[in-house]
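Colleague: Please take a close look at one helix pair in this model. Then place it against the domain layout of the chain.

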Amino acid sequence: MGAYVLNGVEIPHDEEGYITDLGNWSKELAVLIAKDENIEMTDEHWEVVNFLREYYEEYQIAPAIRVLVKAIKKSLGKEKGNNKYLYELFPYGPAKQACKIAGLPKPTGCV
Amino acid sequence: MGEMQTKEQLTPEDFLDPLEIPPIVKGAMADSKPYPAAPEHQEKLGFPGELVDDWHDRAIAKLGELASKYRGLRVYLDSCVKCGACTDKCHYFLGTGDPNNMPVARQDLLRQVWRRHYTFAGKYFPWLVGAKDLTEELLDEWYSYFHQCSQCRRCSVYCPYGIDTAEVSMAAREIMDTIGKGQKYCNEIIGKVHTVGNNLGLQAKALKATLEELEEEIEDDTGVSVRLPLDEKGAEIMLVTPSADFFAEPHIDGLIGYAKVFHQAGASWTISSHASEAANFGMFIGSYENMRKMALRIREAALDLGVKRIIFGECGHAWRAAYSFLNTLAGPFDFLDQNYPIPQHICEYTYDLIQRGVLKFDKSRNDHIRLTFHDSCNVARASRMGDMPGGQFEIPRAILRAVCNHFYDMAPETIREATFCCGGGGGLLTDELMDVRTKGAQPRIRALKEVIEEHGVTHMAAICAICKTQFAKIFPAYGIPMDTIVSVHQMVSNAIILDGEVRDDDDDDAEDDES
């Protein structure tokens with residue numbers, strides 16, 4: 001298991017790069033994790049990440065893809081409110097990859 | 001490779017026979033290993049946190065205990081005659097060429113230790129009978145190759161003795177858990193079921209919010225208020241479905257389909273937040289205690305809600321655990337209505353309504369789809385549906401034919417009881433095993449590509465949460481769009497005519513809505 005290094009501070013993550021202490025998250029860290037995933041954070045990426053974090057705060061879990069798509073449709077418009085667009089933003093899957101960047105635990109199970 | 005690429009040009013390599021035997025590559029997959037379970041995941045399940053000092057002796061003792069407890073296992077360990085019938089039947093062998101993925105070789109990883117310690121010849125003349133000591137190296141091989149078996153039981157269909165590698169691999173995993181060498185994916189998830197009630201860790205509040213979102217979506221789409229009730233006491237039916245149905249695509253469309261079917265049938269039903277999971281990964285790790293603990297949640301929820309029937313959603317191994325084991329694990333279910341199967345599969349339920357003419361469909365709503373069906377291994381080879389032999393094959397197909405005009409089966413040697421695993425079953429649906437998952441899917445992909453080429457098939461339906469996620473993930477690696485995989489009840493959902501529905505996209509069919 002390794003750690004992200006942000007401004008000289010080590011922030012531990014699990015085997016797959018999900019941070020182990022959710023309290024360690026910051027916007028700067030999100031940019032760093034995204035870079036590790038070959039993602040350059042744009043406003044649209046932030047829209048998704050911010051929604052995930054808000055949802056998590058309320059429900060202690062990431063939203064269903066369907067719920068995320070709906071929320072993005074509301075905030076970014078119809079042409080961006082679809083699964084395909086989310087995969088363009090997060091090629092390894094909006095649930096897992098976006099959660100990693102948002103500092104949330106990985107969704108587990110048959111998903 | 002992007003996940004949403006469009007269909008690429010098919011190459012000649014895509015049209016190899018799904019059963020094509022690959023060149024042998026010794027040790028090709030020796031490095032494939034799942035992440036180890038953390039001590040906290042292990043301990044929650046009653047296993048040691050890490051490898052215990054006396055692991056060797058404990059492993060041998062556990063092997064003996066399991067073989068005396070499970071007669072089947074004992075027979076499987078003793079009866080192999082090395083006839084070779086199974087060698088080319090495993091999708092992981094066909095996809096990787098690694099000889100340890102031949103079912104006989106996989107079994108022998110355990111069998112050679114069994115012989116060394118529990119047979120006369122193996123104790124005194126081990127070199128004569130292929131008996132071996134359990135070394136650290138061999139233990140590592142167990143960890144690697146017993147996590148390259150999806151417990152799909154295809155090999156057992158062809159074994160003249162009926163040796164079931166799934167049972168052998170469950171036993172091996174149980175032994176490894178007992179000595180502190182567990183797998184993260186399964187064990188972390190089982191822990192979540194024990195504490196929260198489902199694989200996802202989805203709490204009641206979040207589940208309620210998700211179901212409300214879906215109710216809103218159905219009403220937006222159809223103008224009909226279709227409910228997805230949660231924890232409603234006094235409901236007649238409790239639906240137990242994989243939690244992926246509350247989260248992932250295309251699973252969630254299947255859930256919407258069940259809700260529409262219940263609605264149109266006028267059924268009183270509910271989902272339970274206590275038993276919000278159909279999956280039972282206790283089976284994958286061979287742990288009777290964990291399996292039982294999870295099954296008991298279903299009993300507790302049924303009693304608490306006062307339901308009369310239990311229906312299972314689309315989940316492959318869950319249906320095995322339910323159909324074959326629920327009564328022994330958590331029965332007797334004498335408090336349920338004995339006029340219905342206990343438990344019942346959602347496909348049996350929908351099929352019965354179709355037979356009785358309760359449901360009306362507009363099949364043309366699926367006319368943009370040319371469909372095939374992937375038989376999920378645990379449904380195909382470890383359970384049944386309906387009251388006729390082979391019902392588990394006929395019933396899902398009958399449903400699909402009732403809702404879709406264009407249905408084409410894949411090659412006969414790759415479906416029904418000969419079906420190939422999706423490549424992600426048995427507790428392997430985790431990202432670090434993506435390589436073996438992708439390779440193991442190859443026989444199914446080749447069979448699918450044949451019907452894509454021959455019949456212009458555009459979609460493949462399945463009734464298993466693992467299959468759906470696995471295909472959505474690995475299709476792009478084979479140049480197939482991820483949304484090619486659909487839920488069976490998603491197809492039902494597309495075509496079902498709800499009383500009073502308003503659809504803006506099919507004015508031509510308006511008169512059907514009146515009927």
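Modeller: α17(B) passes α21(B) in a left-handed crossing; that is, the near helix is turned anticlockwise from the far one by less than a right angle, clockwise being right-handed. Helices here are DSSP runs (H or I, at least four residues), numbered from the N terminus. The model is predicted: local features need pLDDT of at least 70, side-chain atom pairs need 80 or more, and totals for chains, interfaces and linings use all residues. Residues are numbered from 1 along each chain as its sequence is written, with chains lettered from A in the order written.

The axes of α17 (residues 391-403) and α21 (residues 488-495) of chain B come within 9 Å and cross at roughly 25°. Axes are lines fitted to C-alpha atoms over the stretch in contact, with angles from 0 to 180 degrees between N-to-C directions. α17(B) and α21(B) are therefore roughly parallel (under 35 degrees).

From α17(B), P396(B), I399(B), L400(B) and V403(B) make the contact; from α21(B), V488(B), M491(B), V492(B) and A495(B) do. Contact means C-beta atoms, placed from the backbone, within 7 Å. By class, this contact has eight nonpolar, no polar and no charged residues. Ala, Val, Leu, Ile, Met, Phe, Trp, Tyr, Cys and Pro count as nonpolar, Asp, Glu, Lys and Arg as charged, and the others, Gly among them, as polar.

Now the domains. Chain B is assigned domain 1 (48-181) and domain 2 (191-495), with bounds from an automatic or database assignment. Their C-alpha centres are 31 Å apart. In domain 1 of chain B, 19 residues are in contact with 20 of domain 2.

Note on methods:
Two residues are in contact if their C-beta atoms, placed from the backbone, lie within 7 Å. Helices (H or I, at least four residues) and strands (E, at least two) are DSSP runs, numbered from the N terminus. Angles under 35 degrees count as roughly parallel, over 145 as roughly antiparallel, 65 to 115 as roughly perpendicular and the rest as oblique.
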